[in-house]
Amino acid sequence: MKDKRRPSELEACWSEKDMAGGEVVPAQVLIMRTSGCAWAKAGSGGCTMCGYRAASISGVTEEDLYRQIDEALSKYAGEPFVKIYTSGSFLDEGEIPPSIRERIFEEYRGCRRILVESRPEFITPDAIGSLPERTTIALGLETSNEDVLRTCVRKGFTAAQSREAGERVKDAGLAVRTYLLLKPPFLTESDAIEDAVSSARFADPFSDEISINPLNIQHATYVGSLWRRGDFRPPWAWSLIEVMRRLSGTVSARIMSSPSGGGTQRGVHNCGRCDREALGAVERFSFSQDPGDLSVACECKSTWERYMSAERMLGTAADVMPPESELTIRV
Ligand code: SF4
Ligand SMILES: [Zn+2]
């Protein structure tokens with residue numbers, strides 16, 4: 001089918017709440033259309049959960065990228081925080097040429113904070129040396145477990161490389177936001193909780209913020225095919241709350257989460273009745289860091305506990321019950 005998307009248009013642009021200078025502020029979020037992630041294009045097929053390939057498009061020229069910035073500026077309402085994502089790495093000059101990077105930082109010179117994301121191999125002293133101090137580099141570490149990173153996520157870099165990149169960013173006087181993946185495929189729910197907690201402890205020394213991303217099912221991904229045949233359930237919101245509760249007060253970085261697709265079958269969810277309350281609690285905690293904000297009550301909490309026991313008993317990470325039976329499982 002012919003791709004009707006224009007390379008000169010942004011993939012998406014919206015405003016949401018985030019933090020800058022210790023305050024909750026509006027943030028403009030841009031998803032730029034680029035030629036795509038170098039790792040995904042290298043014949044690896046990309047990471048198992050990543051649908052960002054869908055946001056990449058061939059034949060994006062420098063002129064197209066200029067137009068995308070024009071579009072972003074036309075929608076800019078003076079938000080103090082601007083977050084710029086591409087379908088790969090902002091610091092990869094094959095995706096974002098230096099002239100585009102310079103224009104972005106010049107146009108947004110008035111804002112308090114700018115966040116861009118990159119794979120560690122592009123975070124060189126040269127690439128970050130000229131960035132303004134208000135820049136935050138986002139690292140998609142996902143997990144500190146090298147085996148999980150290699151076999152379940154297929155990330156194409158090691159946790160050690162990510163840590164070295166984080167340290168380079170800190171040495172350059174910039175901030176780091178580390179993204180962790182809650183529940184990579186082939187991990188049970190309880191192993192996923194342990195994995196996220198230990199990964200956050202690993203990332204804490206080089207991170208100002210740690211964002212827990214519960215896996216959500218994106219189109220045309222390997223995890224999507226597991227999910228369609230009933231072999232994967234996105235994490236429970238209880239698991240996300242548990243990770244935040246366990247990390248609270250024990251790490252220096254701000255712990256946060258802004259789940260995509262939360263409350264749907266494709267995203268982090270509980271029973272359906274308490275999802276809104278659970279995700280509201282996660283959002284409040286992300287800003288306050290007060291564990292009291294994580295209090296949520298619903299009878300499905302015991303179902304979540306039984307779900308984890310069932311997985312352990314059966315020795316499987318495959319989804320152990322269809323969605324309609326989530327309230328009735330007995331083990
Ligand atoms: S998750 Fe990041 S590194 Fe992995 S394929 Fe997607 S854009 Fe590339
Ligand atoms: Zn519930």
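Predicted model: local features only at pLDDT ≥ 70, side-chain atom pairs only at ≥ 80, totals over all residues.
User: Why is the contact of R112 with E23 called a salt bridge?

Analyst: The term needs a side-chain nitrogen of Lys or Arg within 4 Å of a carboxyl oxygen of Asp or Glu. For R112 and E23 the N to O value is 3.2 Å, so the pair qualifies. The whole structure has 27 salt bridges.

User: What does the R112 and E23 pair tie together?

Analyst: R112 sits in the loop between α3 (98-107) and β4 (113-117), and E23 in strand β2 (residues 23-31), so parts 89 residues apart in sequence are tied together. Helices (H or I, at least four residues) and strands (E, at least two) are DSSP runs, numbered from the N terminus.

User: How do you know whether E71 is buried or exposed?

Analyst: Buried means under 20% relative accessible area, exposed over 50%, and partly exposed in between (1.4 Å probe, protein chains only). E71 comes in at 19%, so E71 counts as buried. Its salt-bridge partner K75, with closest N and O atoms 2.6 Å apart, has 45% and is therefore partly exposed.

User: Which residues are linked in a network of salt bridges?

Analyst: E16, D18, K83, R113, R177, E209 and R254 are.

User: What makes a space a pocket, and how big is the largest pocket?

Analyst: On a 1 Å grid over the protein atoms alone, a pocket is an open set of points where a 1.4 Å probe fits, with protein on both sides within 12 Å along at least five of seven lines; lining residues have an atom within 4 Å of a point. The largest pocket holds about 1100 Å³, a volume being the space filled by probe spheres set on the points, which are joined across faces, edges and corners. Of its 45 lining residues, Y52, Y85, E117, N213 and Q218 are the closest to its centre.

User: Which space does ligand 1 take, and what surrounds it?

Analyst: Ligand 1 takes the space of the largest pocket; sitting there needs more than half of its atoms within 2 Å of the grid points. Around ligand 1 are C37, G46, C47, C50, S87, G88, R119 and K155, where near means a heavy atom within 4 Å.

User: What about the second largest pocket?

Analyst: That one has about 280 Å³ and 15 lining residues, with K17, S257, S258, P259 and E283 nearest its centre. The largest share of the lining, 5 residues, comes from α10.

Technical notes
Residues numbered from 1 in each chain as written. Chains lettered and ligands numbered in written order. Heavy atoms only, no water.
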